Amino acid sequence: MVEKLQNEYDCIIAGGGIAGLVTALELLEQTQQKICIVDRDTKARLGGLARWAFGGMALCATKEQRRSKIDDSPALMLRDWQQFAQFEPSDIWPKAWADEYTQHNHKKVYCWLKSLGLSFLPAVNWVERGLYSAGNSVPRYHVLWGTGWELIERIIAKLAPYAAQGRLHYLHQHKVIAPHVTQGVISAVTVLDEKNQRQFELATHCFVAACGGINGSLDNVKKHWYKPWGAPPTQLLNGANPISDGKLHQQISQLGGVITHSDKMWNYAAGIEHPQAEFAGHGLSLIPSKSALWLDHQGQRIGPQPLVTGFDTRFLCEQVAALEQPWTWQVMNWKIAKKELAVSGSQHNPSIRDKNLLGLVKESLFGNERLIKQLARESADFLVADSLELLAQKMNETTIESHIDSTFLAQQIEQYDSQLNRGKGLSNDDQARRISHARQWKVDRMRTCKAQPIVDAKAGPLIAIKLRLISRKSLGGVQTNLQSQVLNNHGQPIIGLYCVGEAAGFGGGGASGLRSLEGTFLAGCILTARNAAQAIIATNKTKTKTIK
Ligand SMILES: Cc1cc2nc3c(=O)[nH]c(=O)nc-3n(C[C@H](O)[C@H](O)[C@H](O)COP(=O)(O)OP(=O)(O)OC[C@H]3O[C@@H](n4cnc5c(N)ncnc54)[C@H](O)[C@@H]3O)c2cc1C
């Protein structure tokens with residue numbers, strides 16, 4: 001028999017990530033409601049993945065874009081989004097959310113964040129330009145000054161007075177087992193205190209699932225692996241949070257909710273083992289260098305289309321997943337790494353996270369020596385050597401069998417280097433062409449080397465990084481309408497049941513389709529959360545009027 005607690009909440013939110021916190025903030029600021037946030041993680045980690053996020057956001061028609069003379073608009077963003085997403089005709093709600101995002105990101109996300117006192121770096125980045133299908137036709141990736149860390153801290157601080165007044169109650173290290181429906185309406189939620197293994201029921205007429213995606217479980221990633229790509233790689237790293245295990249999605253499905261597009265994921269091709277792993281298989285996602293040579297397990301350049309980051313993340317994952325072995329190599333030199341290599345997230349970008357302007361300027365001008373030294377010191381996947389022979393030897397030592405022949409490796413590198421060494425206007429190499437295109441945009445010019453060969457006595461030592469696919473975001477999830485209400489398989493909302501953030505596939509159960517323009521995740525969480533809160537507020541107003 002499950003214990004029934006007396007406390008009744010106007011709204012119970014499962015998940016204290018960005019989506020859950022924003023829903024709560026909006027409700028608390030605009031109503032007198034009493035809210036409970038149930039979160040599986042510890043109090044110190046409140047904020048979910050956003051706390052570790054870099055804070056990049058796809059936004060359009062902003063002041064930062066205008067200052068850089070970037071002519072963008074919701075219509076252009078929508079066109080790019082649709083081209084990249086490759087929606088199916090049946091994707092009614094994902095398309096509606098793509099429309100909602102592109103139309104309203106400026107007001108509901110950008111202006112809202114600014115109203116919280118947050119700001120963006122002046123440099124707007126150009127990511128996901130598209131390889132074969134067009135992606136972002138203009139730069140629109142805005143980086144939050146302070147990263148996701150600052151975003152979360154700011155929102156928690158805004159919530160603090162409500163917690164002090166007793167209108168907001170946090171249940172940390174608690175798990176929502178299942179919401180319950182009575183006569184077609186949400187009536188209660190079963191919660192497990194995971195520390196003390198005590199289960200109880202809380203009454204409510206409004207439940208918001210903000211429990212994150214399903215990619216925190218590698219079993220889920222493998223189970224839902226995109227079928228046309230064949231079997232999933234035998235080795236994958238985990239770049240999400242195992243606490244978000246997808247179990248609540250299943251409960252919502254049992255209530256009649258529709259879960260869609262689980263095979264659409266936003267994984268990354270360049271993961272390394274996290275040197276300070278918090279769980280088995282924990283990985284770090286690198287933003288790989290454009291000037292590095294990307295090789296298979298035998299040291300052969302992957303192709304014929306060389307792998308270059310910044311154009312189509314999904315293409316990179318597809319190519320890597322199709323290889324014989326589950327790991328690849330990026331070979332470069334110290335100069336390239338210092339200028340181009342980065343790690344995604346707040347943890348490895350302290351200058352931006354801690355708002356250290358001088359540090360950021362130094363890194364932009366002289367390269368990120370600190371990061372490269374740190375990786376060389378801490379990561380077993382990051383190998384440094386003074387010669388190609390020694391590098392090949394070190395590469396072979398990381399695998400059970402020796403796959404790398406140093407002479408063959410030297411030939412592969414020499415073929416590429418010789419193209420760059422031909423001199424201005426004479427190289428004929430797709431990677432060199434993409435690098436030269438990337439450098440046309442001033443922000444990329446600052447952090448992309450100009451035709452830099454790998455073997456160069458002035459640029460050493462040499463570096464090889466062992467990379468694996470790393471899971472990150474679920475693009476699919478619970479199907480919702482524009483009010484973030486969960487829909488049943490007749491397309492009708494389940495009264496009192498909402499889903500926001502990554503759990504809802506950032507809106508509609510898959511707002512990104514096959515591909516994200518990148519940076520649509522944090523913003524998508526904020527948008528779906530704010531829409532849910534407005535719908536809950538509107539429903540309560542209607543109820544109050546009816547009672548009167
Ligand atoms: C390193 C890193 C860098 C990133 N960088 C960016 C970026 O630059 N730009 C961008 O747009 N996105 C980025 N992302 C992705 C983005 O951070 C996430 O998509 C987003 O934060 C998801 O927020 P959420 O609130 O939906 O879910 P989550 O952050 O996953 O939060 C879900 C919460 O629900 C809790 N929970 C799960 N199940 C239950 C349950 N049954 N009961 C109660 N609680 C439960 C969990 O404890 C968790 O706290 C990054 C992610 C990572 C990991």
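1. Helices here are DSSP runs of H or I with at least four residues, numbered from the N terminus. Helix α15 (residues 430-438) gives the largest share of the lining of the second largest pocket, four residues.

2. Before going on: this is a predicted model, where local features need pLDDT of at least 70, side-chain atom pairs count only at pLDDT 80 or more, and totals for chains, interfaces and linings use all residues. Residues are numbered from 1 along each chain as its sequence is written, and side-chain values use heavy atoms, with hydrogens and water left out.

3. Back to that second largest pocket: its volume is about 390 Å³. Of its 13 lining residues, those closest to the centre are Lys424, Gly425, Ser427, Ser436 and Ala451. (A pocket is an open set of points on a 1 Å grid where a 1.4 Å probe fits, with protein on both sides within 12 Å along at least five of seven lines; lining residues have an atom within 4 Å of a point. The volume is the space filled by probe spheres set on the points.)

4. Now the rings. Trp225, Tyr226 and Trp229 make up one aromatic cluster. Within it, Tyr226 and Trp229 pair edge-to-face, 5.5 Å centre to centre with 80 degrees between the planes (pairs need ring centres within 6.5 Å, and edge-to-face means planes over 60 degrees apart). Both Tyr226 and Trp229 are buried (under 20% relative accessible area, 1.4 Å probe, protein chains only).

5. Tyr226 also has Arg314 over its face, at 4.4 Å from the ring centre. Likewise, the charged end of Arg51 sits over the ring of Trp149, 4.6 Å from its centre (for Arg, CZ within 6 Å of the ring centre and within 35 degrees of the ring normal).

Note on methods
Helix = DSSP H or I, 4+ residues; strand = E, 2+ residues; numbered from the N terminus. Phe/Tyr/Trp six-rings, centres within 6.5 Å; stacked < 30°, edge-to-face > 60°. Buried < 20%, exposed > 50% of the residue type's maximum accessible area, 1.4 Å probe, protein only.
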